[in-house]
Amino acid sequence: MAWLLRGLRQGVVTSRYPRRSDVYGRGYMAAIAVLHAPDKSSADDELAALCPTGAILADGRLRVDRGRCILCGRCVEARPDLFAFDGSPEVGRIGRRALLVPDEDEEAVEEVRAELAKRTRFLRRSIHVRHVDAGSDGSEEWEVAALTNPVYDVQRLGIFFTATPRHADLLLVTGVGTAGMAGPLRLTYEAMPFPKVVLAAGTDAISGGLLHSSYAGADGIGSVVPVDVWVPGSPPSPFSLLHGILVAVGLLAENRAVT
Amino acid sequence: MRHAAASVSLEPSQLADSVAAAVRGGGRLAALVATARRDGATELRALVASAGDLTSFETTLGPGADRYPGLTPLVPAAAWYEREIHDLFGIEPIGHPRLDPLVLPLRPDVRRPRPGNPDKPPRLEPDLASLPRHVSGEGVFTIPYGPVRSGVFESVEYLVETPGEDIPHLRTRVYHKHRGIERRFGELEVDDAVLLAERVEGTVSVAHATAFCQALETLGNVEPPRRAQLVRVVYAELERVAVHLDSIIRHTEGAGQAVAYARMTLHKEHILRLRARLCGHRFARGVVVPGGVSGPLHLSPTDALAAVGAIDRAIADDTRALMDTPSFLDRLRGTGILPASAVAEHGALGPVGRGSGLVEDVRVRRPYGAYRFLGFEPAEGFIEGDALARQSVRIEEIRHAFHLVRQALDELAESETGPWRHEIPAPDGTAWSSVEAPQGELLYLVEADAGQLTRVKPRCASFHNLALFERAFRGDILTDFVFIEASFGVSIAGVSG
Ligand code: SF4
């Protein structure tokens, strides 16, 4: 009884995202944006050398690969004229190449998008998610678990976590993709019924991050299971994960600005 | 060469006896670390903590030598360390009672990664055939939990060998998540290595960055500015609150206390949001840098104090109610008892030790940074050794943590202007460093040669404590598993390496 009253006293704390944007969702760094092309005096390799994970591509045209970016902020600090933090949590993308900003290859990505849309057309309104840790640092699990706390409360959107892969529509994978998790991850994927969608949660899961190509694997999970939606972040915030899940099941367009 | 620990050089044949004598004399084995040398030799360092001191017992195995008289027969706390060294270096401790693979099962003929040696190993596939088989026999069967478990958890596999409801034996497999962290440290520049330290155990990034940076500061003989030390304490203690809340959340979830669960997850979210308001990152990454911190808090100390006060009150109120809920306490009381003797012999760390009366707290034993001048008392007086005692320790520590945060913020409100960090010289030499992470003593061994890191070994409290896990199961039934695990509060990332 005492606990029931405590629960009631708490009132409504739940975010209305994605129906409304949430001010908190923009309160921290979610991604890196390239402000404009550098002038002639900036040497390409000097810009590339700013980044500890090789996320800055400066081969004639300056781009950031958000799939490798661990948001250390070093580029922003060194070259605030070229790089900036982007607070928008809607960073999940369909197609690995769509993580390169500024965008290119819209057409190539469009194909992937259409293919995914075809697959998810038959998913019902409620989505069952199976999480697998393939070598995370542990923080991703906190952010995934946060989705069920009263603030994000994803059950209100018909999103449920499930223990058994046989009931899962969406495989949400964290971690660098270690050699030791390749087998269990593949088995979980295979046990899921069709149609199924795979979401790589976090920069580690996308590219291995700082551990990229260690002797223990760590090239990202894309070499083990076919990834549909890529959500960068180190770790990705609950808002970014929620947005990614909604994109994955075709309930939200990737770039839709939530108003 | 500069140490934060005294060192004693020994012959390989003397190592076990010397460490055993030091442990008998009131010390505890804090770590056993190997380092590969370029010439093929392997250095072994056994770190013994006693009272306020650390002593490193060191020996070198020459090139080609791959055996030494093991420590485990005399010092059982060395068991997991020697298994890890066997996996990563191919060095065999003679007399080890059970040298099963721990973090990296490999075929015997495969070259080991040998951290410290600059040659980059190729991709190594785990060899499942090298793992011991499941036990089966008359009336005994093995129940595997994991590595993919029900719920949102880190991957780990527990093998419960049982003749029925009682748990006579439990084995833990942690290799699935092995990421090759230690080698990667040696491939990074110093500034990038801080970023990796933050990701060894991503839920305690501040503790890791602080321990690693302290080692660099010891090598460079640099004292960070006082207000940078205060900022470190603010984040370190908020981190402690978040991690302890996470453990409490798992208890409430296991006990089906739905409202308490929702309330505690809300408090945890508020801590993460407060950190984001203070520095822009929910896990406070990027705050601790070599020589100090990256800059001031983004909130004024007054605003930060108000925010901290509100969360502190809400948590205190709910934990009081939780510890007054008999149906909850009944599940924890008498569950997963760790005998004081086992805890003392193993030198258990953090809340796991403190719940059984072993008060090892680096903030008190070997104070560092701002803990040298802030008022603080360790959580003492919990001796029952059950899940309830460990939970009580955590609740007490949450209270102390907020007290420390308030002190630090009070002083920051008055602190003079000045730099947030000092330059540190290119590191050279060997240093140990330690901090009290939420799970207990976190150690870093850092070796550098003319600015280049040659060996970095984080020793996480989770690694040390998880070795004791199976000792908490004597006689407990399977349904208590969730509480025993939650009460250990282990981060698997920190165990697998
Ligand atoms: S924030 Fe760091 S990781 Fe990301 S692009 Fe900039 S330098 Fe690279």
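**Around the ligand, and an aromatic cluster**

Modeller: The ligand is surrounded by A:Ile32, A:Cys51, A:Pro52, A:Thr53, A:Ala55, A:Ile56, A:Cys69, A:Ile70, A:Leu71, A:Cys72, A:Gly73 and A:Cys75, each with a heavy atom within 4 Å of it. This is a predicted model, in which local features need pLDDT of at least 70 and side-chain atom pairs pLDDT 80 or more, while totals for chains, interfaces and linings use all residues, and side-chain values use heavy atoms, without hydrogens or water. Residues are numbered from 1 along each chain as its sequence is written, with chains lettered from A and ligands numbered from 1 in the order written. The shell around the ligand has 10 nonpolar, 2 polar and no charged residues, where Ala, Val, Leu, Ile, Met, Phe, Trp, Tyr, Cys and Pro count as nonpolar, Asp, Glu, Lys and Arg as charged, and the others, Gly among them, as polar.

Turning to chain B, B:Tyr145, B:Tyr158, B:Phe469, B:Phe473, B:Phe481 and B:Phe488 form one aromatic cluster, in which rings of Phe, Tyr and Trp (its six-membered ring) pair if their centres lie within 6.5 Å, and planes under 30 degrees apart count as stacked, over 60 as edge-to-face and the rest as tilted. Over all chains there are 16 aromatic pairs. B:Tyr145 and B:Phe481 have ring centres 5.0 Å apart and planes at 35°, so this pair is tilted. B:Tyr145 is partly exposed at 28% relative accessibility, whereas B:Phe481 is buried at 5% (buried is under 20%, exposed over 50%, partly exposed in between, with a 1.4 Å probe and protein chains only). B:Tyr158 and B:Phe469 make another tilted pair, 5.2 Å centre to centre with 45° between the planes, and both are buried.
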